[in-house]
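Here are some notes for a colleague who is opening this entry and would like a few places to start. They go from the whole chain to single residues.

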Amino acid sequence: MASGVLFGLTAALCWGVADYCARGATRTVGTFLTLLVVQIIAVAAFLVFVAPFGLLQLAALAHAPLSTVLAAALLNLLIMVGAALLYRAFAIGVIALVSPIAAGFAAITTLLALIFGERPTVAQIVGLILTLVGVVIASTVPNPHASQTAPVALAHGQRRRLLAPGVIESLAASVLFGVCYYALRDVSSLGGVTVAFIGKVADLVALGALALLAPVGVYGWRAWRGARQMKASPELLARTCIEAKTTVQYPWYALRLPTMDGGTLGRFLVFVIPTSLLDTAANVAYNVGIDNAGALTSVVATLSSLFSVVTVLLAWVFLRERLARWQWVGVAAIFVGVALVNW
């Protein structure tokens, strides 16, 4: 149980810092490019820093059931969709609001674990409840300064929305995370590190294919092919497609290559590199945690949800967002809950 607690807390710390950095990356170049570069860096890190030490059980994959490998890839693809939604929420919403909503995935994962047979002790159940309540209180208490950092949608002539920007995206991400992170236990026989690697490779392949197909879907195949045959520059290509009246507004998930000067590129790299490395480390910690003998998925998932508190604390330190008195009560509840989980 102690190792499960350790891996859950490690995942929370890494995800919390990664999400804070992802906010800066997505607001610099957009969601899709951030996701694509995150996967490239992650796969490269696996091959350069992990594979030489024999931590990747690639030889065992040849003897593993194909259905298990494909299930691992599919689950990670769905998790990536959730990450895309969450990154989008970070780009358009207030981090202190959307992050805790995403952290609610632990409630779904814990509920599924209890339904399908996990039986934590009374002290652990109380600890899980306290931890979840603490996450909600510490993360979602209204911040009087949050509106100063939120994008002002009304300034651009948009109508007042029933839900704040990013709420729908973070809710969808929470559901995807909750179901998929529970289902990962069914492919844990491949090894936590290997499952994470399979996921990053699958994500990179999917995003690479989308990057190649996005211009076709946006501009239309005929206009795209004709301009490419003329070896047109990106600017000429866009103008040609516009004149052909086949272009539409780029969807948020499509590949956009912004014009980046040295400062913009440097800012992007400062954010995207730690986002990728820490997100990968968190995935590995979570996978290893639920694969560890004696560790409960409900415990690892609940402790992993503390990433939201880490993100809010970083916003408090670096964005000067003040913590309300009740938020400190939430933090105290979290500490008590973690102690009970490890009872």
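How many helices and how many strands does the protein have?

1. The protein has 16 helices and 0 strands, and it should be kept in mind throughout that this is a predicted model.

2. Of the 343 residues of the protein, 50% count as buried. When contacts with a separation of 6 or more are considered, 89% of them are accounted for by residues 24 or more positions apart.

3. Asp 203 is buried and yet has no salt bridge, since the nearest side chain of opposite charge, that of Lys 200, is 4.9 Å away, whereas a salt bridge would need the charged atoms within 4 Å. Leaving aside residues up to four places away in sequence, Asp 203 touches Gln 39, Asn 76, Leu 77 and Met 80.

4. On the surface, attention may go to a nonpolar patch that is formed by Leu 265, Leu 269, Ile 273 and Leu 277, which together have about 300 Å² of accessible area. One of these residues, Leu 269, lies in helix H13, which spans residues 262-291. Is Leu 269 buried, partly exposed or exposed? Leu 269 counts as partly exposed because its relative accessibility is 37%, a value that falls between the limits of 20% for buried and 50% for exposed.

Definitions and conventions
Residues numbered from 1 in each chain as written. Predicted model: local features only at pLDDT ≥ 70, side-chain atom pairs only at ≥ 80, totals over all residues. Heavy atoms only, no water. Buried < 20%, exposed > 50% of the residue type's maximum accessible area, 1.4 Å probe, protein only. Lys, Arg positive; Asp, Glu negative; His and termini not counted. Contact = heavy atoms within 4.5 Å. Patch = residues over 30% accessible without salt bridge, like charges linked within 9 Å, V, L, I, M, F, W, Y side chains within 5 Å. Areas by Shrake-Rupley, 256 points an atom, 1.4 Å probe, with all protein chains shown as cover. Helix = DSSP H or I, 4+ residues; strand = E, 2+ residues; numbered from the N terminus.
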